[in-house]
Amino acid sequence: MIKDFLVNSFIIIGSLATYPFSAYTQTKSEEVKKPNIIFIMADDMGWTGLSGYGSNLHETPVIDQLSKEGMKFTNAYSAAAICTPTRASILTGKCPARLNMTTWHENAGPPTPNTENKLLPPTTLPNLLLDEFTIAEMVKKAGYFTAHIGKWHLGDANHYPETQGFDINIGGTMWGMPQTYWYPFRGWRESDQEIRYVPGLDNIDGNNANAYLTDRLTDKAIEVIEAKKNDSFFLNLSYYNCHVPIEGKPELVDYFEHKLTAGNKNTYHTNPGYAAMIASLDKNIGRVFNAIKKAGIEENTIIFFYSDNGGQVNARVNLKNNYPLRSGKGSLYEGGIRVPFIVKWPGITKPGDVCDYPVSSIDILPTIQEMTGLTDKENHLKKIDGVSIVPLLRDPSSTLARETLYWHFPHYYPTTTPVSAIRKGKWKLLEFFEDNHLELYNLKSDLGENHNLAEKHPDIVADLYHNLKAWRKSIDAKYPSTNPQYIPAP
Ligand SMILES: [Ca+2]
């Protein structure tokens, strides 16, 4: 006990030493004015996954309404085409390649020996390092309560949300997907020889028999909103929907099956289970919004809606999931990285605003920093890649100082071989490392990236390629290497 007291005293004194007393009290008195931030993330939802973004099967009235009340971005990107790197980029404002976190947690580390691939990926980090400065750590300095609810996927148990500035963690683990969306949200995973579970959602009242994971995560989010409505809070609400396994509520699956058979044959979304999962996500976000209204904090709560990568394009989901974009999750074609993104900032964003300027998940941290008016005494923001998009939120026709966006994925995935990409204005260049060939697309006239213009515009290729190489060097990007065990297919 005495030892604990001494340790606690030391921490308190240490905190005061870091912050002059006047600054500390000022922070406390300003606390009530700081806006709440709810960052809602869908998993694996492609650019056209919402009805408001073009799906003619999915129904998302709540999220569509959010885009009408706030600002809808049409050229928003995830910093990676897969889960873990994008999530790391959001929390740190850094490109995944700078973090050396370019693949998902379970796939990171040294490369797996194989004979199938021409290249071997570099060794990458499976965990977000503890000394990385996150949004949660940033807003905690201003007295925010910080809650992580849902998918984490940023490291093992030594790197869970509690180690990155979150006061509480419900449902976050090292895994990228639940074994099942149905209670008790756990089960044996044969392919990995392990039991997977989603912690923090048990209760003892016996009403859990038919509980759906998404509903239970929302229950917890509402508990946070009700408990902290008089404080400033940051709620990182990362739903598992609509990542596989495709498990929708039966009544919703029935509804979308009927919709598909009732004559809606021309849809590019054709999976009723997937549609049901998106419908459940939408309904649950509606419950969150109702809780905010009920708590009387709607006008002082900023809402973000994002997806961590494009939609899956495998047989379990849909082959044209991201139409009209090319490819999907894992790929650096637009289908893998262009995602829905909506921001509602009461009093700042104007209802119905649409912004076409390219933005990225690396921009979230500096944006929240500016929104909350936090100072950057320790110069954390000087070491990041993102920029604040507040100028766009104030005026969607304005621009940012940043002209280029970059991606680097030195790994394999069913949709791609190792690749880098750069977007500058309407142009996009990709370099594929197996043979170092370059592809150039004009996104303004060819959104589907069907016409490689590399041979037609050598000057543009040279300019973009120069930028891409300089960027990779500046962040010490890791490259794939020749695989000595590779056996070419006959
Ligand atoms: Ca994902």
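## Exercises on helix packing and chain shape

The buried residues of α7 are L213, T214, R216, L217, T218, A221, V224 and I225. The model is predicted.

**Exercise 1.** State which elements the buried residues of α7 pack against, and how α7's length compares with the expected span.

*Solution.* 
- Start with the partners. The buried residues of α7 pack against β5 (145-150), β9 (233-238) and α9.
- Next, the size. Helix α7 covers residues 213-227, which is 15 residues.
- From first C-alpha to last, α7 reaches 21 Å, close to the 21 Å expected at 1.5 Å a residue.
- Now the spacing of buried positions. An α-helix has 3.6 residues a turn, so residues three or four places apart point the same way.
- L217, A221 and V224 are among the buried residues of α7.

**Exercise 2.** Classify the crossing of α3 and α9, then describe their contact.

*Solution.* 
- Take the axes of α3 (residues 61-69) and α9 (residues 272-294). They come within 7 Å and cross at roughly 55 degrees.
- Roughly parallel needs under 35 degrees, and roughly perpendicular needs 65 to 115. The two helices are therefore oblique to each other.
- List the residues. On the α3 side are P61, V62 and I63. On the α9 side are D282, K283, I285, G286 and F289.
- Sort by class. The contact has five nonpolar, one polar and two charged residues.

**Exercise 3.** Compare the reach of α9 with its expected span, and say what follows the helix.

*Solution.* 
- α9 has 23 residues.
- Its first and last C-alpha atoms are 33 Å apart, close to the expected 33 Å.
- After α9 comes G296, with a positive phi near 75 degrees.

**Exercise 4.** Is T112 buried or exposed?

*Solution.* 
- Locate T112. The residue sits in the loop between α5 (96-99) and β4 (119-120).
- Count neighbours. T112 has 9 other C-beta atoms within 10 Å.
- Apply the cut-off. A residue is exposed at 12 or fewer, so T112 is exposed.
- T112 and T123 are eleven residues apart in sequence, and their C-alpha atoms are 9.7 Å apart.

Conventions. Residues numbered from 1 in each chain as written. Predicted model: local features only at pLDDT ≥ 70, side-chain atom pairs only at ≥ 80, totals over all residues. Axes fitted to C-alpha atoms, helices over the stretch in contact; angles between N-to-C directions. Helix = DSSP H or I, 4+ residues; strand = E, 2+ residues; numbered from the N terminus. Parallel < 35°, antiparallel > 145°, perpendicular 65-115°, else oblique. Contact = placed C-beta atoms within 7 Å. Nonpolar A, V, L, I, M, F, W, Y, C, P; charged D, E, K, R; others polar. Expected span 1.5 Å × (residues − 1). Buried ≥ 20, exposed ≤ 12 C-beta atoms within 10 Å, placed from the backbone.
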